[in-house]
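Here is a friendly walk through one protein model, written for someone who likes to know the cut-offs. Have the structure open as you read.

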Amino acid sequence: MDRIELARVIKAARARIAPEDVGLPAGTRRRVAGLRREEVAQLAGLSVEYVVRLEQGRGPQPSDQVLTALTRALRLERDECEQVFRLAGSSPPLPGRIEMSIRPSMLRLLERLRDLPALVLSAKGDVLAQNSMACALLGDFMRWPTEERNIVWQRFLGSGVTHVSSPEEVETTAQQYVGWLRTARSRYPDDPDLRSLIENLLNRSEQFWSMWEEGRSTTSRSMRKTIEHPDLGTLSLDCDTLLLPDTEQTMIVFSAAPNSPGEAALDTLRATVSV
């Protein structure tokens with residue numbers, strides 16, 4: 001592990017990013033170019049102390065999960081990500097593994113969707129990024145432990161994230177998520193994190209085990225979803241899926257028809273985010 005060079009790369013990358021590029025307020029009394037350390041920590045889901053130690057060339061060797069979160073927060077391109085992994089003494093993600101880094105262009109697109117809730121998922125359902133509207137609608141995934149930032153894990157082992165009101169919708173969503181993982185396994189049979197997620201779900205969720213045994217596969221698709229929001233009540237929204245074929249990541253966008261109750265609710269949500 002080359003701690004000194006890794007520290008230089010991280011600091012240089014941090015200095016290149018303007019706060020507004022990642023949806024943060026620039027403020028009027030900013031003393032540093034680019035992002036502050038605490039802002040990088042917030043975006044990566046790390047502690048400020050950990051980022052400080054990395055930039056000072058000390059501390060333990062970062063795990064692959066930490067390196068993935070850090071390179072995503074710093075918006076590094078693929079070659080730059082590989083450099084960071086090698087400097088940290090780790091092997092860059094290999095072909096055949098699920099892509100966990102988001103292209104900077106995708107992050108820019110996500111931020112442009114200020115009026116609608118949107119998030120980006122990996123091929124196995126990890127929430128890689130979400131805009132402020134999605135945080136207000138679904139909660140902030142980045143505040144959760146890394147292994148819990150997954151919509152399938154949340155559906156079967158967590159709080160469920162989005163609570164749907166009809167039994168039919170509950171069943172359809174569950175079957176879609178199970179089929180989604182089965183499709184991912186057929187495409188990424190050697191991905192260790194995917195294998196670990198499936199084993200965890202099989203061992204801890206009887207419902208997941210039963211649905212997994214049915215052997216169905218599927219891909220993410222557009223549908224309507226009913227969400228129970230703590231402040232806005234029941235929202236019925238269109239949930240459209242945009243696929244990025246080369247990474248098999250998906251962008252999920254929530255919207256509502258003009259002059260509908262869902263549109264009024266999203267207007268209210270947008271006002272709270274803008275405050």
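## Ground rules

Helices (H or I, at least four residues) and strands (E, at least two) are DSSP runs, numbered from the N terminus. This is a predicted model, in which local features need pLDDT of at least 70 and side-chain atom pairs count only at pLDDT 80 or more, while totals for chains, interfaces and linings use all residues. Residues are numbered from 1 along each chain as its sequence is written, and side-chain values use heavy atoms, with hydrogens and water left out.

## The sheet

Let's start with the strands, where two count as paired if DSSP finds at least two bridges between them. Five strands make an open sheet in the order β2-β1-β5-β4-β3, with antiparallel pairing. Because β2 (127–130) and β3 (223–229) stand at the edges with a single partner strand each, one side of each has no neighbour in the sheet. From one strand to the next, the twist averages 30 degrees; axes here are lines fitted to C-alpha atoms, for helices over the stretch in contact, and angles run from 0 to 180 degrees between N-to-C directions.

Strand β1 (residues 118–121) is joined to β5 (residues 249–255) by four bridges, and Leu 119 has Ile 252 in β5 as its bridge partner. Seven bridges link β3 to β4, with Arg 224 opposite Asp 238 in β4. Asp 238 also has a bridge partner in β5, namely Ser 255, and β4 and β5 pair over seven bridges.

## A helix across the strands

Helix α6 (residues 104–112) lies across β1, β2, β4 (233–244) and β5, and runs at about 155 degrees to β1.

## Two domains

The domain assignment gives domain 1 (3–88) and domain 2 (104–274); such bounds come from an automatic or database domain assignment. Their C-alpha centres lie 27 Å apart. Nine residues of domain 1 are in contact with eight residues of domain 2, where contact means heavy atoms within 4.5 Å.

## The second largest pocket

A pocket is an open set of points on a 1 Å grid over the protein atoms alone, where a 1.4 Å probe fits, with protein on both sides within 12 Å along at least five of seven lines; lining residues have an atom within 4 Å of a point. The second largest pocket has a volume of about 910 Å³, a volume being the space filled by probe spheres set on the points, which are joined across faces, edges and corners. Of its 31 lining residues, Val 22, Leu 43, Gln 130, Asn 131 and Ser 132 are the closest to its centre.

Domain 1 and domain 2 each give at least three residues to this lining.
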